[in-house]
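Keep the viewer open as you read.

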Amino acid sequence: MTMNSHPVTGAQAPADRRHRVVIIGSGFGGLAAARALDKADVDVTLVARTGHHLFQPLLYQVATGILSVGEIAPSTRLVLRDQENATVALGEVDRIDVTARTVHATAGHVDFELEYDSLVVAAGANQSYFGNDHFERWAPGMKSIDDALELRSRIMGCFEQAEVTEDEAERRRLLTFVVVGAGPTGVEMAGQIAELAQRTLKNSFRRIDPGRARIILIDAAPSVLPPFGPKLGNAARRRLEELGVEIQLNAMVTDVDYSGIEVKDPDGSLRRIDSTCKIWSAGVQASPLGQMLADQTSAEVDRAGRVLVNPDLSLPGHPEIFVIGDMINLDNLPGVSPVAIQGGKYVAKQIVREVEGGRSPSERPPFKYFDKGSMATVSRYSAVAKIGPLELHGFLAWVLWLVVHLAFLIGFRNRVITLLSWGLHIGDHRSHLNSTARWVYARQAIAEAQERERRDADRAVSD
Ligand SMILES: Cc1cc2nc3c(=O)[nH]c(=O)nc-3n(C[C@H](O)[C@H](O)[C@H](O)COP(=O)(O)OP(=O)(O)OC[C@H]3O[C@@H](n4cnc5c(N)ncnc54)[C@H](O)[C@@H]3O)c2cc1C
């Protein structure tokens, strides 16, 4: 998939062919940019490492059996099927050459190169373990469908093993769930595991009472949901405590292993929590593509790997390269989907103005984010919402959350099915609690296979 390159300044279109826009990422930012270029006189190629657009805010519902994968992850190819100027390519981008204006990607054993006149980099962020990447094996995060399915299997696997073990200490460890990070994802996960244990799984085991599972939400910060402020943070905390979730604040996780975690309290003392199922939702690190761009330009990245972009979301000295969404550091904008969506629409508009209207990049207005507010669910019927000065919690906030999330889900069919699944959930039913041995043990098996491959390769070199 290689095309001829015509270096241009900014987004100026060459005369002999259409302007080529390459978008990296099919998340909120990338997809918004691609869709906003519908009808534009440009050729769009969207390349992403997954074939779907992922609605990350509802991943926790897949991890806890309320929704199925298809409801939150429509095929990007089908979403863009009717957009004639758009081509979708599955591929992991591993190289961007800002001088040659090319993007290199691999799909399995196939690799290919894309040439661009304008580049939109929307590769998002990954989980951050703050330099302790080895924690990931025992405390997976929740960033992808693989993560959610693996977590679902780990959670269900713990209940199943607790039912059959004869060892009381082992049973306690299996029935202790630790969620690290009291931000929106951690709060949602802790609340949902509590509801799963106490309501959905009630009376479904014979030897254990799932309702007696211990669910611990732990954070090094002094409050729950810090960005929502003390009023909403305390409301969420109270609701979680009503559900039986233990909240441990000012507690820093210092180690994670197969059978538990080590925690440092404010007085410096260390303690251990025995737990088989640990879930990490404590920080994010922007895609390494940001650093790759910084290495080739005068752009800088912050400690979280986010690119310090110009006010028009472009890179210094490279008006043809835009970075959007979770990858940017601009005006303290938060890592939330509206920032990515609005960024995607904004850059598409600039490209159209310059390609079709002959405008120059120097005429771009700065990107302005319109903050519509933020919300997080705590449990069934309970959420928190902050919309400007308005702070809501409880049922009303939950209804608002429901309407907003439904409205943003892509595709009419997905909305209807999701609504049905939520309807069933209100009656305590969860249709998607299945887990397979491959999901439960996949990460371990892959790590072991990679280790074997590495050893074989080392042996081949030394022979
Ligand atoms: C569990 C969870 C819950 C959340 N809840 C909320 C919420 O309630 N409200 C809210 O507003 N925000 C929420 N967020 C944040 C929100 O999802 C992000 O801010 C948003 O997804 C950012 O959009 P993006 O386009 O920058 O990146 P993403 O949506 O993450 O998309 C990144 C894309 O890049 C692709 N990609 C990455 N690296 C490569 C590569 N090397 N090559 C090719 N493709 C690549 C990925 O496959 C993906 O398609 C949540 C996030 C998570 C993880």
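## A guided look around

According to UniProt, in an unreviewed entry, residues 20-344 carry the feature "domain: FAD/NAD(P)-binding"; UniProt positions follow the numbering used here, feature names are shortened, and annotations may be inferred rather than shown by experiment. Numbering starts from 1 along each chain as its sequence is written. Bear in mind that this is a predicted model: local features need pLDDT of at least 70, side-chain atom pairs count only at pLDDT 80 or more, and totals for chains, interfaces and linings use all residues. The span 20-344 is 30% helix and 28% strand, and its end C-alpha atoms sit 16 Å apart. Helices (H or I, at least four residues) and strands (E, at least two) are DSSP runs, numbered from the N terminus.

Now to the ligand. It is surrounded by 32 residues, the closest being G25, G27, G29, G124 and G325; a residue counts here if its C-beta atom, placed from the backbone, lies within 6 Å of the molecule. Sorted by class, that shell has 15 nonpolar, 13 polar and four charged residues. For this sorting, Ala, Val, Leu, Ile, Met, Phe, Trp, Tyr, Cys and Pro are nonpolar, Asp, Glu, Lys and Arg are charged, and the others, Gly among them, are polar. At least two shell residues come from each of α1 (28-36), β2 (42-48), β4 (92-97), α7 (184-200) and α10 (337-357).

Stay with α1 for a moment. Seven of its nine residues are buried, so α1 is largely enclosed by the rest of the structure. Those buried are F28, G29, G30, L31, A32, A33 and A34. (Buried means 20 or more other C-beta atoms within 10 Å of the residue's own, exposed means 12 or fewer, and partly exposed is in between, with C-beta atoms placed from the backbone.) The cover over them includes β1 (19-24), β2, α4 (76-79), β3 (86-90), β7 (118-121) and α10.

Next, find the open sheet of four strands, ordered β11-β10-β9-β15 with parallel pairing; two strands pair if DSSP finds at least two bridges between them. β11 (246-248) and β15 (277-280) are the edge strands with a single partner each, so one side of each has no neighbour in the sheet. On average, neighbouring strands are turned by 20° against each other, direction ignored. Packing on this sheet is α7, which touches β9 (176-180), β10 and β15 and makes about 175° with the direction of β10. Contact means C-beta atoms, placed from the backbone, within 7 Å; axes are lines fitted to C-alpha atoms, for helices over the stretch in contact, and angles run from 0 to 180 degrees between N-to-C directions.

Beyond its neighbours within four places in sequence, M189 contacts Y60, A63, V179, I279 and S281.

Finally, there is an open antiparallel sheet of three strands, in the order β21-β22-β23. At its edges are β21 (374-379) and β23 (390-394), each with a single partner strand, so one side of each lacks a neighbour in the sheet. The twist averages 10° from one strand to the next. Helix α11 (residues 395-408) packs here, touching β21, β22 and β23 at about 75° to the direction of β22. In the loop between α10 and β21 you'll find K372, which counts as exposed with 12 C-beta neighbours inside 10 Å.

Note on methods. Two residues are in contact if their C-beta atoms, placed from the backbone, lie within 7 Å.
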